[in-house]
Amino acid sequence: MTIQIQVKLDLKSLGKFLIYHYYTQVSGVISVVISLAALFGLIFRWSGWLPMQRGILIVLALMFTVLQPLMLVWRGNKQLHSEAFAEPFCYTFDDSGVVITQGRDRQQFPWDDVRKVRCRKDAVYVYMSTVSAFVIPREQCDGQFEDLVKLATEKMRDKK
């Protein structure tokens, strides 16, 4: 089975990926715990804190729950406006691997080079390293999303 998908990444899809990726890492989980601890400390001991301490706790509570996601989306927007994302990517998935073309550039990866695949309801993330992935949004799959999920899941299961 061969699946060919052309993707012009948008801010919504890239932003979701960046937030998902950050908050599924250990550092993302720890940052949420810190923010929640600051929020609970602020709420339950409001009168026990000095104004300066309250300010610090407010900043900590907002830092990883509001500010970090905004910074991730801002960086994603900056990335989308770079030359690397000017043209759409064409992904071809088959039994042998993944071929990515963009303009005149072409890269081919066997399934053994794919580190992991995360299938979500609105996108498939094909990780080539621990920090970078190809983002394939559902709405750009032209009805091939379920086939892509099936193929990627099968190939990653076979790899183990």
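These legends describe close-up views of a predicted model.

View 1. Helix α3 spans residues 51-80, 30 residues in total. From first C-alpha to last, α3 reaches 41 Å. That is close to the 44 Å expected at 1.5 Å a residue. At Met 63, α3 bends by about 60 degrees.

**View 2. The buried residues of α3.** Leu 57, Ala 61, Phe 64 and Gln 68 of α3 are among the buried residues. Pro 69, Leu 72, Gly 76 and Leu 80 are also buried in α3. An α-helix has 3.6 residues a turn, so residues three or four places apart point the same way. The cover over the buried residues of α3 includes α1 (11-23) and α2 (26-44).

View 3. Leu 60 belongs to helix α3. Its relative accessible area is 28%, so Leu 60 counts as partly exposed, between the 20% and 50% cut-offs. Leaving out residues up to four places away in sequence, Leu 60 touches Ile 34, Ser 35 and Ala 38. Leu 60 and Ala 37 lie 23 residues apart in sequence. In space, the C-alpha atoms of Leu 60 and Ala 37 are 8.9 Å apart.

**View 4. Helix α1 and what covers it.** Helix α1 has 13 residues. It reaches 18 Å from its first C-alpha to its last, close to the 18 Å expected at 1.5 Å a residue. Buried residues of α1 include Ser 13, Leu 14, Gly 15 and Phe 17. Leu 18, Tyr 20, His 21 and Tyr 22 of α1 are buried too. Helices α2 and α3 are among the elements that cover the buried residues of α1. So are the strands β5 (116-119), β6 (123-127) and β7 (133-137).

Notes:
Residues are numbered from 1 along each chain as its sequence is written. This is a predicted model: local features need pLDDT of at least 70, side-chain atom pairs count only at pLDDT 80 or more; totals for chains, interfaces and linings use all residues. Side-chain values use heavy atoms; hydrogens and water are left out. Helices (H or I, at least four residues) and strands (E, at least two) are DSSP runs, numbered from the N terminus. The expected span of a helix is 1.5 Å times one less than its number of residues. The bend at a residue is the angle between axes fitted to the seven residues ending there and the seven starting there. Buried means under 20% relative accessible area, exposed over 50%, partly exposed in between (1.4 Å probe, protein chains only). Contact means heavy atoms within 4.5 Å.
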